[in-house]
Amino acid sequence: MKSAEKKTTLSPAFIKEMKEKLLSRKEKLEKQLLSFAKPDPKQKDNFNSNFPEFGDKEDENAAEVAVFEGNLSMEENLEQSMEMINRAIQKIEKGTYGICEKCGSIINEERLKIMPTATKCAPSQGCIIKESNSLK
Ligand SMILES: [Zn+2]
């Protein structure tokens, strides 16, 4: 059984609400990224951290590297969140939003409201098909 073939049974109004949430989150992420990185002209939704310029002294150079490394890890986190948002938006467009990638059932709406990028049922609720079965 391929869950990708299934269509979501969530209401169009709910999906619209989630899409708006996702798009506004994406906008916020982009703003955060643009505060310390530049968009990659070759790759959509990829950003490259700016290298800070404090001066030419040794301690200034060391500080530049430290800030740059901090920016890189921040960039990575934000890009990962962006990637998840893009995936969720793609699912909305394909009509498969809210379908658990593990068991194929519809993810709880309350969970999606809190985490619109969720691709699986909450661990506490558990998937209908247990992980051990689906992997065998
Ligand atoms: Zn599931």
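This is a predicted model: local features need pLDDT of at least 70, side-chain atom pairs count only at pLDDT 80 or more; totals for chains, interfaces and linings use all residues.
The chain contains four helices and two strands. Along the sequence, these elements follow the order α-β-β-α-α-α. Of the 136 residues in the chain, 12% are buried. Contacts were also examined by sequence separation. Among those between residues at least 6 apart, 55% connect residues at least 24 apart.

Helix α1 covers residues 12-34. It comprises 23 residues. From first C-alpha to last, α1 spans 33 Å, close to the 33 Å expected at 1.5 Å a residue. Three residues of α1 are buried: Met18, Leu22 and Leu33. These buried residues pack against several elements. Strands β1 (37-39) and β2 (47-49) take part, as do helices α2 and α3 (109-114).

Helix α2 runs over residues 58-94. It has 37 residues. The distance between its first and last C-alpha is 53 Å, close to the expected 54 Å at 1.5 Å a residue. Asn71, Ile85, Ala88 and Lys91 are the buried positions listed for α2. Their cover includes α1, β1 and β2. Just after α2 comes Gly95, with a positive phi of about 80°.

The packing of α1 on α2 was then characterised. Two packed helices are described by the angle between their axes and the distance between the axes. For α1 and α2, the angle is about 155° and the axes are 10 Å apart. The two helices are therefore roughly antiparallel, given that angles over 145 degrees count as such. The crossing of α1 past α2 is left-handed. On the α1 side, the contact is made by Ile15, Lys19, Leu22, Arg25, Lys26, Leu29, Gln32 and Leu33. On the α2 side, the contributors are Glu75, Leu78, Ser81, Met82, Ile85, Ala88, Ile89 and Ile92. By residue class, this contact holds 10 nonpolar, two polar and four charged residues. Leu22 and Leu33 of α1 belong to the contact and are also buried. In α2, Ile85 and Ala88 likewise belong to the contact and are buried.

Two positions in α2 were examined individually. Ile92 lies in this helix. It counts as partly exposed because it has 19 C-beta neighbours inside 10 Å, whereas a buried residue needs 20 or more. Beyond residues up to four places away in sequence, Ile92 touches Ile15, Lys19 and Tyr97. Ile15 and Lys19 are contact residues of α1. Lys19 and Ile92 are separated by 73 residues in sequence, yet their C-alpha atoms are 7.5 Å apart.

Asn71 is also part of α2. Its 20 C-beta neighbours inside 10 Å are why Asn71 counts as buried. With neighbours within four places in sequence set aside, Asn71 contacts Phe36, Ala37 and Ser49. Ala37 falls in the range of β1 (37-39), and Ser49 in that of β2 (47-49). Asn48 is 23 residues from Asn71 along the chain, and the C-alpha atoms of the two are 9.3 Å apart.

The loop between β1 and β2 contains Asp45. This residue adopts a positive phi of about 60°, although it is not a glycine. Asp45 counts as partly exposed because 15 C-beta neighbours lie inside 10 Å.

Definitions and conventions
Residues are numbered from 1 along each chain as its sequence is written. Axes are lines fitted to C-alpha atoms, for helices over the stretch in contact, and angles run from 0 to 180 degrees between N-to-C directions. Angles under 35 degrees count as roughly parallel, over 145 as roughly antiparallel, 65 to 115 as roughly perpendicular and the rest as oblique. A crossing is left-handed if the near helix is turned anticlockwise from the far one by less than a right angle, and right-handed if clockwise. Two residues are in contact if their C-beta atoms, placed from the backbone, lie within 7 Å. Ala, Val, Leu, Ile, Met, Phe, Trp, Tyr, Cys and Pro count as nonpolar, Asp, Glu, Lys and Arg as charged, and the others, Gly among them, as polar. The expected span of a helix is 1.5 Å times one less than its number of residues.
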